Amino acid sequence: MVVDTNGDILGLTRTPDAPVFGTDVAVQKARTAAFFSNVNAAAVLAALPAASYLTPPATSSIAGYVTAMRTFLGDPTALANGIAYSNRSVGNLARPFFPDGIEGTANGPLSKPFPAQWSPFNDGLQLDLIFNVLRASVGAPVPGLPPPLDPSSCTGDPRLKNGIQIFPGSFPIYRGPTLIGAVGVSGDGIDQDDMISFLGLANAGKALGTGIGNAVPAIRADTLVPQGEGTRLRYVNCPQAPFNDSTEQNVCAGL
Amino acid sequence: MSAPACSRRWLAPIAALVLSGSLYAVAQVPQVPQAQKSAAPVVKRGEAAPPPQSVDGRYGIQVLASTVNVHAEATSGSAVLAELQQGARLEADQRRGNWYRIHLADGRSGWIDYAVGKSNPNFAVDAGTSIARGRPGSEVGVPAPPVDAHADAASAPAPEALPDDRILLQRPMGRPLEAIIPAIDPSQVPPPSPLLPRETVPVPDRWRIVDQLGIVNQRVFDPYNPNTLKGDRPVFGEDWFFNLGVISDTLFEARKLPTPIGAQSSQDPQANDQFGRGRQSTFAQNLIVSLSLLKGSTTFKPPELEFRFVPVLNYNVSKVEEVRALRIDPRSGTRRTDHFAAIQEAFVDYEYNIASEYFDFDDIRVGIQPFISDFRGFLFQDQPVGIRFFGSRESNRWQYNLAWFRRIDKDTNSGLNDIGKPLRKDDVFVANLFRQDFLVPGFTLQGTVIHNINRETAEAFLDNNGFQIRPAIFGDARPHKYNVTYLGASGDGHFGRWNTTASLYYAAGRDDRNPFSQQPADISAFYGVGEVSRDFDWIRVRGTALYASGDKNPYDGKETGFDAILENPQIAGADTSFWIRQAVPLIGGGGVALSGRNGVLASLRSSKDQGQSNFTNPGVALIGIGADFDISPRWRVIGNLNQLWFANTTVLSVLRNQGNIDRNLGTDISAAVQYRPLFTQNIVLNASAAALIAGKGLKQLYDADSGKTQYSILFNVLLTF
């Protein structure tokens with residue numbers, strides 16, 4: 001699934017056996033990569049209304065996530081400085097543990113504290129972005145909410161019409177230094193999704209010769225080391241021996 | 001008993017004859033020997049028994065006392081003519097009771113007294129060569145020694161007779177075997193005389209005789225000469241010994257192995273794939289202190305009771321180039337430092353039975369003790385806690401072991417016993433029998449049955465570095481338990497000049513859940529290994545062949561890959577070989593390694609010493625040659641070349657989702673140098689280099705950079721007290 005910087009779908013392709021929900025996921029992933037790599041990301045998020053929970057009543061500020069990101073990364077210009085985020089990088093930051101999988105650590109800035117608040121049904125920014133619209137769709141709209149920029153969007157913002165995804169499989173597309181869109185893949189697994197989108201984009205760029213391709217390595221999110229040694233964000237992770245009848249390894253190296 | 005001289009004079013000679021006659025019948029005395037026998041021997045208390053009579057009346061005399069007076073007459077009251085010195089040899093030609101007539105150098109004759117009033121004789125008497133002594137009753141023509149008619153009856157020689165029941169050592173019709181005191185060198189130390197003032201020095205026990213003579217002074221740091229710390233002398237009592245051993249083992253290893261990029265993070269930017277940079281290094285220092293208290297007689301017989309305690313201190317540092325390789329938390333970085341104090345041995349050994357005069361024994365040993373299942377550690381070599389009965393028969397030609405062990409969990413980074421963790425739910429039952437000198441002298445055969453019951457079904461046991469090792473992240477990674485019985489036959493020794501060692505094992509059992517088929521499965525696997533070597537002067541050449549079966553289908557109900565309980569094989573140049581010594585990783589097939597450290601099997605365990613056995617593995621085949629060159633007593637050079645294959649790569653293909661992985665594992669080439677500066681094992685320095693040149697199969701598993709050739713370099717210093 002390829003989208004432009006506004007999240008509009010430019011093209012879609014699927015194998016005959018792909019499940020239908022995979023289409024939904026692929027576009028979510030692409031839109032997430034395009035959004036977070038956009039220099040307007042912080043401004044857009046800060047302008048969104050807080051998610052308003054039902055029971056017990058509480059609000060969760062979307063702008064608060066921007067602040068959390070900037071504090072966590074130690075960079076006051078985060079989400080406004082054009083760092084290229086793949087969905088793997090966003091996922092690193094959107095887990096209840098950072099680094100992911102290590103018990104007893106604090107949550108990532110896009111997530112909620114564990115075990116105090118986090119659950120699969122309360123996972124941070126991903127839920128909070130769509131919560132108000134989800135409430136309204138089951139007949140309990142938030143009273144006094146300002147009208148959204150895009151009434152057809154789950155998040156109220158036209159760039160994220162069906163919300164974000166927080167697991168790997170999408171990469172922003174650049175022409176030189178300029179962000180022009182994103183590609184997202186939903187398939188057999190996160191490493192395969194990464195490879196198809198990342199390697200596909202790299203090969204497409206080579207084939208087309210029009211200057212499009214992956215972000216230059218200097219601006220990728222894997223240059224960020226938020227909390228000291230061992231906390232570097234990942235950008236892409238391609239699987240071992242991915243090609244049929246071939247023993248080629250490290251297929252994404254150097255790209 | 002003096003009688004009036006004139007009236008009894010005629011009696012005196014006869015009386016003297018009768019009473020001076022000895023057991024050694026004198027023919028012209030017609031008395032029945034029985035009469036002589038019944039004659040009560042009269043020997044004054046405290047006096048030495050007189051020597052036997054001579055046939056021809058001649059006696060060889062050697063003076064034992066420091067001086068002996070020569071009297072004019074055969075009475076102590078008569079004048080002293082001269083004094084004989086100790087060691088003097090002369091001949092006596094007459095005997096009168098206890099007195100012997102000798103001739104002095106100036107021609108005079110005199111009499112010397114054998115031992116009147118003393119318990120030690122003054123001189124030794126050799127009763128000549130033509131002695132005819134018979135048992136009482138035998139006819140022997142022995143002229144009676146002439147009795148001096150002038151002998152004073154009042155001072156008749158004291159009645160003397162040998163005890164009638166004195167045993168006479170004699171060959172039939174030959175001469176009696178009498179101990180003859182050899183010629184005494186007057187400059188020699190004289191034999192001790194009980195009546196002389198004591199010239200003795202008190203010695204606490206026989207072990208300290210050398211001490212008391214002041215010949216050797218004990219040096220506490222010298223283990224080669226008598227040293228109480230080394231069990232050469234008792235520490236208390238007569239037979240309680242203490243033996244101290246201290247070993248320092250320092251190791252540095254640098255190597256290049258495939259290393260995965262950390263999953264949720266990476267050390268460097270642009271880490272886009274699975275395989276990272278592979279350089280690693282390890283430093284480890286072990287201090288092993290062996291304390292042993294024995295009751296016994298050291299080398300004279302096996303100890304009756306032993307208490308042994310062996311603590312070990314370990315310090316280790318490892319460095320790699322990727323995060324999440326040493327510890328599961330990538331924030332721990334690329335360097336890991338750890339230390340640990342372990343108890344490797346703590347047992348009581350009691351010898352409850354000595355079965356023969358050759359000290360065949362039966363022992364029971366309870367506690368944390370070392371155990372090795374066969375000659376080279378192929379199946380089970382560990383320091384578990386348990387109870388072991390062992391012993392020998394037929395002068396050590398038969399040996400047996402009967403044991404139950406419960407395995408102790410290990411400290412992950414040192415591999416030592418961690419008694420702070422709960423004991424593993426893993427029991428090993430052992431019954432084995434050794435026969436020495438089987439077929440030929442110098443070859444020992446062993447038959448063994450080992451049963452392993454594992455019940456480790458707890459969820460998510462993590463090792464010290466945070467990695468989950470039980471159940472292994474392998475297949476569906478669900479807890480499972482198993483029972484397996486190993487039937488083994490091993491041999492070790494030599495046939496003539498050919499040194500051989502061989503082992504065969506068959507494993508049969510049941511796994512209650514196979515991680516691929518997710519069903520119970522039967523275990524049926526085998527293992528065979530043989531090594532032959534021969535010495536050519538200072539060169540030893542060896543050849544090895546090894547086969548461990550693999551599993552051809554992880555989804556059927558049978559697990560046919562062989563796995564040991566805890567292997568530590570000394571084969572095919574184990575210490576230097578890359579494949580055996582290093583833990584070769586798998587990367588991308590689960591949280592398991594292809595082979596374990598100090599292991600030859602491609603066992604696909606999560607951890608060799610902390611994980612469960614895994615019988616769903618590709619198996620391994622090895623053919624190798626090697627040679628040891630004893631260049632000098634100090635220097636030894638070792639070289640090994642092994643070719644390795646997988647037995648069946650189906651399991652690897654399934655794990656890695658990769659078809660048709662080739663069976664060729666690779667070529668393992670290594671060389672080592674050993675230096676012993678003092679010619680002894682007290683200081684040993686090792687340096688070795690090893691490389692695994694990947695075969696087609698291994699190349700398919702790894703990337704071109706770190707997978708083509710994996711190598712290691714090692715330095716080791718071993719100091720032993």
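**Exercise 1.** Which elements of chain A are included in what covers the buried residues of α1(A)?

*Solution.* This is a predicted model, in which local features need pLDDT of at least 70, side-chain atom pairs count only at pLDDT 80 or more, and totals for chains, interfaces and linings use all residues. Residues are numbered from 1 along each chain as its sequence is written, while chains are lettered from A and ligands numbered from 1 in the order in which they are written.

Begin with the helix itself: α1 of chain A covers residues 20-36, helices being DSSP runs (H or I, at least four residues) and strands likewise (E, at least two). Next, apply the burial test, by which a residue is buried if 20 or more other C-beta atoms, placed from the backbone, lie within 10 Å of its own. Of the 17 residues of α1(A), 12 are buried, so this helix is largely enclosed by the rest of the structure; among them are Val25(A), Ala30(A) and Phe36(A). Finally, the cover, judged by contact (C-beta atoms, placed from the backbone, within 7 Å), includes β1, β2, α2, α4, β5 and β6 of chain A.

**Exercise 2.** Find how many residues of chain A are in contact with chain B, and how the residues on that side of chain A divide.

*Solution.* First count the contacts: 27 residues of chain A are in contact with 25 residues of chain B. Then sort the residues of the side of chain A that touches chain B, which gives 11 nonpolar, 10 polar and 6 charged; here Ala, Val, Leu, Ile, Met, Phe, Trp, Tyr, Cys and Pro count as nonpolar, Asp, Glu, Lys and Arg as charged, and the others, Gly among them, as polar.

Methods. Two residues are in contact if their C-beta atoms, placed from the backbone, lie within 7 Å. The expected span of a helix is 1.5 Å times one less than its number of residues.
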